[in-house]
Amino acid sequence: MTNAQTSPLPFLKGHGTENDFVIVPDAQNAVDLPPALVARLCDRRAGIGGDGLLHVVRSAAHPEARHLADEAEWFMDYRNADGSVAEMCGNGVRVFARYLEHAGHVTAGEVAVATRGGVKRVHLDKDGSVTVAMGRAVLPGDGVTVTVDGRHWSARNVNMGNPHAVAFVEDLAHAGDLFTEPSYEPATVYPDGVNIEFVADLGPRHVAMRVHERGAAETRSCGTGACAVAVATARRDGADPAVTGTPVTYTVEVPGGTLVITEHPDGRIDMTGPAVIVAEGAIDPEWLG
């Protein structure tokens, strides 16, 4: 910390389909957020509580984002609940954009947000929903076998700026409690860890999923995971917009709500869902110390 040990640290709390985040506004990148402090802030019993932390910094003030400052004024310095750094968070970027609107930094309409996974284009709709241009999926050929309680599934490798393994199951209960990370082989496919999605069909272009997020265990929702699931399901169903020339849309039910994912013929993926700011306040400097 710089001045946060002697003065209260402002924070907000927000969620997108119940994937919840501690938000730390810090335009000039003056607040030090070591992993242990992030983990304390995200602790649901002793801290504020969240699946992750959104550190709100001007791109020009952060060494990892200065090269993006001409494209996006604000950088989402995203941290997992255990304090580790992550490339991107789909629900997080929606909540991040909602915070920028809430704070008066932007108005409804188009917003550019810098992330470690590149610049994301966000549209803040007047009806309260937020659409994020999530970029394009990469589909490496190598996959893994995921195992839970003696059941095994082949999982599709999908990269959305962060790594995913998508497994199709008959019953989402087969994923187990997801308190601990499901095992997968070969581990070398994901040297930096992976988000593992379990997917069950509900109807035509309609699926439900559960997810174990690296660094956070099971979460109520995962935006990049929903995108990965939509792409993997489309390929399983023989739908590839690059081949058909027609966009394909999947509705993805997560424990915390509903996300709508559209993949376009040029590979662009849009994700639409809610984003809500629920509280704001200040953290006691004695607790920070």
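The structure is a predicted model, in which local features need pLDDT of at least 70 and side-chain atom pairs count only at pLDDT 80 or more, while totals for chains, interfaces and linings use all residues. Residues are numbered from 1 along each chain as its sequence is written, and side-chain values use heavy atoms, with hydrogens and water left out. Helices (H or I, at least four residues) and strands (E, at least two) are DSSP runs, numbered from the N terminus.

**Nonpolar cores**

- In soluble globular proteins, nonpolar side chains tend to be buried together.
- A nonpolar core is here a set of buried Ala, Val, Leu, Ile, Met, Phe, Trp, Tyr and Cys residues joined through side-chain atoms within 4.5 Å, and buried means under 20% relative accessible area, with exposed over 50% and partly exposed in between (1.4 Å probe, protein chains only).
- The largest nonpolar core has 51 residues, and those with the most contacts inside it are M76, M209 and I261; helix α3 (residues 223-236) gives the largest share of this core, 8 residues.
- Another core, of 19 residues, lies apart from the largest one and includes V144, V148, Y190 and A208.
- With neighbours within four places in sequence left aside, M76 is in contact (heavy atoms within 4.5 Å) with residues that include L54, H55, M88, C89, F96 and V113.

**Helix α3**

- Of the 14 residues of α3, 13 are buried, and the helix is thus described as mostly covered.
- The expected span of a helix is 1.5 Å times one less than its number of residues; for the 14 residues of α3 this gives 20 Å, which agrees with its end C-alpha atoms being 20 Å apart.
- Just after α3, G238 takes a positive phi of about 80°.

**Pocket and cavities**

- Rolling a probe the size of a water molecule over the atoms shows where empty space is left.
- On a 1 Å grid over the protein atoms alone, a cavity is a set of points where a 1.4 Å probe fits but cannot get out, whereas a pocket is an open set with protein on both sides within 12 Å along at least five of seven lines, and lining residues have an atom within 4 Å of a point.
- Grid points are joined across faces, edges and corners, and a volume is the space filled by probe spheres set on the points.
- For linings, Ala, Val, Leu, Ile, Met, Phe, Trp, Tyr, Cys and Pro count as nonpolar, Asp, Glu, Lys and Arg as charged, and the others, Gly among them, as polar.
- The largest pocket holds about 340 Å³ of space and is lined by 18 residues, of which R44, D51, A216, A217 and E218 lie nearest its centre.
- That pocket lining divides into 8 nonpolar, 3 polar and 7 charged residues, and its largest share, 3 residues, comes from β14.
- There are 2 cavities of 30 Å³ or more in the structure, and the largest cavity, with about 70 Å³ of space, has a lining of 5 nonpolar, 4 polar and 2 charged residues, among them Y78, N80, M88, C222 and T224.
- The second largest cavity has a volume of about 40 Å³ and is lined by A230, V231, A234, V248, T249, Y250, I261 and E263; α3, β15 (248-254) and β16 (257-263) each give two or more residues to this lining.

- H164, in strand β10 (residues 163-168), counts as buried at 0% relative accessibility, and beyond four places in sequence its contacts include R156, Y190, E197, C222 and T224.
- V38, in helix α1, is buried with a relative accessible area of 0%, and although V38 and N80 are 42 residues apart in sequence, their C-alpha atoms are 8.1 Å apart in space.

**Backbone exceptions**

- Most residues other than glycine have a negative phi, and most peptide bonds are trans.
- A cis peptide bond, with omega of about -5°, joins E185 and P186, and P186 lies in the loop between β11 (183-185) and β12 (195-203).
- E18, in the loop between β1 (9-16) and β2 (19-25), has a positive phi near 65° and is partly exposed, with a relative accessible area of 35%.
- D149, in the loop between β8 (144-148) and β9 (151-159), has a positive phi near 50° and is exposed, with a relative accessible area of 68%.
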